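Please read it alongside the sequence and coordinates.

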Amino acid sequence: MQIAEIIAGSEVKGLKSVVASVETKTARNGKNYLSGLLMDQSGTIGFKVWDNIPLMTPLLTAGNAVEIKSGAVE
């Protein structure tokens, strides 16, 4: 799967991409989340991670290659 193939309302499986940027933000409820951009040869897409922030932060570093095994598109 490539970023250009992603459709709103679908589920993402097997998306291989590179983290273009990421930052830690604070939600209105006071909890931290990650927000950033993923990129591949077909384009870029934004992402947010709401759970397991301590575990995900070192993995989602700009320049790292990642594979999204399962995710929802909104």
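**Notes on the pocket, the core and the strands**

1. In this predicted model, β4 is the greatest contributor to the lining of the largest pocket, supplying five residues. Along with β4 (43–49), the strands β5 (65–68) and β6 (71–72) each provide at least two residues of that lining.

2. The largest pocket holds about 610 Å³ of space. Its lining comprises 21 residues, and the closest to the pocket centre are Gly46, Phe47, Lys48, Gly71 and Ala72. By residue class, the lining of the largest pocket consists of 15 nonpolar, three polar and three charged residues.

3. The largest nonpolar core contains 13 residues, and Ile6, Leu15, Leu38, Val49 and Leu60 have the most contacts inside it. At least two residues of this core come from each of β2 (15–26), β3 (32–40) and β4.

4. The surroundings of Ile6 may be examined individually. Leaving aside residues up to four places away in sequence, Ile6 is in contact with Met1, Val12, Leu15, Ile45 and Val73.

5. β2 and β3 run antiparallel and are joined by eight bridges; Thr26 lies opposite Asn32 of β3. The two strands make a hairpin with five residues between them, and Gly30 in the turn has a positive phi of about 90°.

6. β3 is also antiparallel to β4, with seven bridges between them. Two residues link β3 to β4 in a hairpin, and Ser35 faces Lys48 of β4 across the pairing. Lys48 is also among the residues closest to the centre of the largest pocket.

Conventions: Residues numbered from 1 in each chain as written. Predicted model: local features only at pLDDT ≥ 70, side-chain atom pairs only at ≥ 80, totals over all residues. Heavy atoms only, no water. 1 Å grid on protein atoms, 1.4 Å probe; cavity = no way out; pocket = protein on both sides within 12 Å on 5 of 7 lines; lining within 4 Å. Points joined across faces, edges and corners; volume = space filled by probe spheres on them. Helix = DSSP H or I, 4+ residues; strand = E, 2+ residues; numbered from the N terminus. Nonpolar A, V, L, I, M, F, W, Y, C, P; charged D, E, K, R; others polar. Core = buried A, V, L, I, M, F, W, Y, C linked by side-chain atoms within 4.5 Å. Buried < 20%, exposed > 50% of the residue type's maximum accessible area, 1.4 Å probe, protein only. Contact = heavy atoms within 4.5 Å. Pairing = 2+ DSSP bridges.
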